[in-house]
Amino acid sequence: MTAKTTGLRFLKMHGLGNDFVVVDARGARAPLESGTVAAIGDRFRGVGFDQLIQIRDGADADAVIDFWNSDGSTAGACGNGTRCVARLLLDEVDADALDLRTERGILRAERAGDLIRVNMGTPQLDWQEIPLAQDADIDALPLDGAPSAVGMGNPHCVYFVPDAEAVDLPRRGVETEHDPLFPERTNVEFVHVIDRQSLRMRVWERGGMITQACGSGACAVAVAAHRRGLADRQVDVHLDGGVLTIDWREEGVWMTGPTALVFEGRLTDEFLSGARG
């Protein structure tokens, strides 16, 4: 027997294991609410995701995309998620390039052979834009380890360490995420330099989780490493889930990598009714 499924259609996608629920809200569908997003994000009672992405109609771009964390809070940027949605829409219209509007602004996305690349925009390097709670040297914050701060539409705190594998990621990540220096909390990256073209990164994402990859985090890491003289402007960032190529150009930070469409599903009316309380 199958449940009646007149509810909400969604897609499950990932980029390097950074996984997403994608909801198409173009047309007349009402936008999602925070409580529903959090219920879908529950990996035991819902679907589970690192971020949920909603696609909406756009007037000045091919589409508008919104991001949520699994706790129901909003996120201003998500690089791998942007690439996943770009792949869907490029396939839909059989095109090689398109523009997506996010809270970060309009982002250009393109095919790169079997991969998808997106211009994540210019990094935010002013303490108020990142944002920080006070004026500080963004290349050596007043925290143990003197990490860097970079904004990519969301805040990032980047620690350069001898061995990223040896870091107690849950402890260090949650401590930094909630440090008073970050009024909107922060994503936290731990990085060691392999060579000037290669970095190893592990990430604690804002909202309380370790993820396989973080696209905006990889961009922030590349920017921070170059600013500190540790790496070139184009680098391969090695994450738990695979490799992203980051290229910090004059017009913005380009990120290139794979995407995967895993399955299509439909949330039941029963689930959605309970999620709305």
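The largest nonpolar core of this predicted model has 53 residues. Val22, Met120, Met201 and Ile246 have the most contacts inside this core. Helix H4 supplies the largest share of the core, eight residues. A second, separate core holds 18 residues, including Ala136, Leu141, Tyr159 and Leu169. A nonpolar core is here a set of buried Ala, Val, Leu, Ile, Met, Phe, Trp, Tyr and Cys residues joined through side-chain atoms within 4.5 Å. Buried means under 20% relative accessible area, exposed means over 50%, and partly exposed lies in between (1.4 Å probe, protein chains only).

The model is predicted: local features need pLDDT of at least 70, side-chain atom pairs count only at pLDDT 80 or more, and totals for chains, interfaces and linings use all residues. Residues are numbered from 1 along each chain as its sequence is written, and side-chain values use heavy atoms, with hydrogens and water left out.

Methionine 120 was examined for its surroundings. Contact means heavy atoms within 4.5 Å. Leaving aside neighbours within four places in sequence, methionine 120 is in contact with Ala77, Cys78, Gly79, Arg104, Leu107, Met152, Ser216, Cys219, Val253 and Met255. Asparagine 119 is found in strand S8. At 10% relative accessibility, asparagine 119 counts as buried. Not counting residues up to four places away in sequence, asparagine 119 touches Leu107, Arg108, Glu251, Gly252, Val253 and Trp254. A polar atom of the asparagine 119 side chain lies 3.4 Å from the backbone nitrogen of valine 253.

Helices (H or I, at least four residues) and strands (E, at least two) are DSSP runs, numbered from the N terminus. The expected span of a helix is 1.5 Å times one less than its number of residues. Helix H4 covers residues 215-227. Its 13 residues should span 18 Å, and the end C-alpha atoms are 19 Å apart, which agrees. H4 is mostly covered, with 11 of its 13 residues buried. Gly215, Ser216, Gly217 and Cys219 are among them. Glycine 229 follows H4 and has a positive phi, near 75 degrees.

Helix H2 covers residues 79-93. Its 15 residues should span 21 Å, and the end C-alpha atoms are 21 Å apart, which agrees. H2 is also mostly covered: 11 of its 15 residues are buried. The buried residues include Gly79, Cys84, Val85 and Leu88. Aspartate 94 follows H2, and its phi is positive, near 55 degrees.

Strand S1 (residues 8-15) is mostly covered, with six of its eight residues buried. Two strands pair if DSSP finds at least two bridges between them. S1 pairs with strand S17 (residues 260-267) in the antiparallel sense, over seven bridges. Leucine 8 has leucine 267 of S17 as its bridge partner. S1 also runs antiparallel to strand S2 (residues 18-24), to which five bridges join it. Here the bridge partner of lysine 12 is valine 21 of S2. S1 and S2 form a hairpin with two residues between them. Leucine 16 in the turn has a positive phi of about 60 degrees.

Side chains of opposite charge can pair when their charged atoms come close. A salt bridge is a side-chain nitrogen of Lys or Arg within 4 Å of a carboxyl oxygen of Asp or Glu. The structure holds 22 salt bridges. Aspartate 19 forms one with lysine 12, the closest N and O atoms being 3.2 Å apart. Both residues of this pair are buried. Lys12, Asp19, Arg43 and Asp50 are linked in a network of salt bridges.

Aspartate 139 forms a salt bridge with arginine 227, with the closest N and O atoms 2.8 Å apart. This pair links distant parts of the chain, 88 residues apart. Aspartate 139 lies in the loop between strand S8 (115-119) and strand S9 (148-151), while arginine 227 is in helix H4. At 35% relative accessibility, arginine 227 counts as partly exposed.

Glutamate 165 forms a salt bridge with arginine 200, with the closest N and O atoms 2.6 Å apart. This pair also links distant parts of the chain, 35 residues apart. Glutamate 165 lies in the loop between strand S10 (155-160) and helix H3 (169-177), and arginine 200 is in strand S12 (residues 198-205). Glutamate 165 is partly exposed, with a relative accessible area of 45%. Arginine 200 is buried, at 11%.

Methods. Polar contact = N/O pair within 3.5 Å; in protein donor to acceptor, adjacent residues only side chain to side chain.
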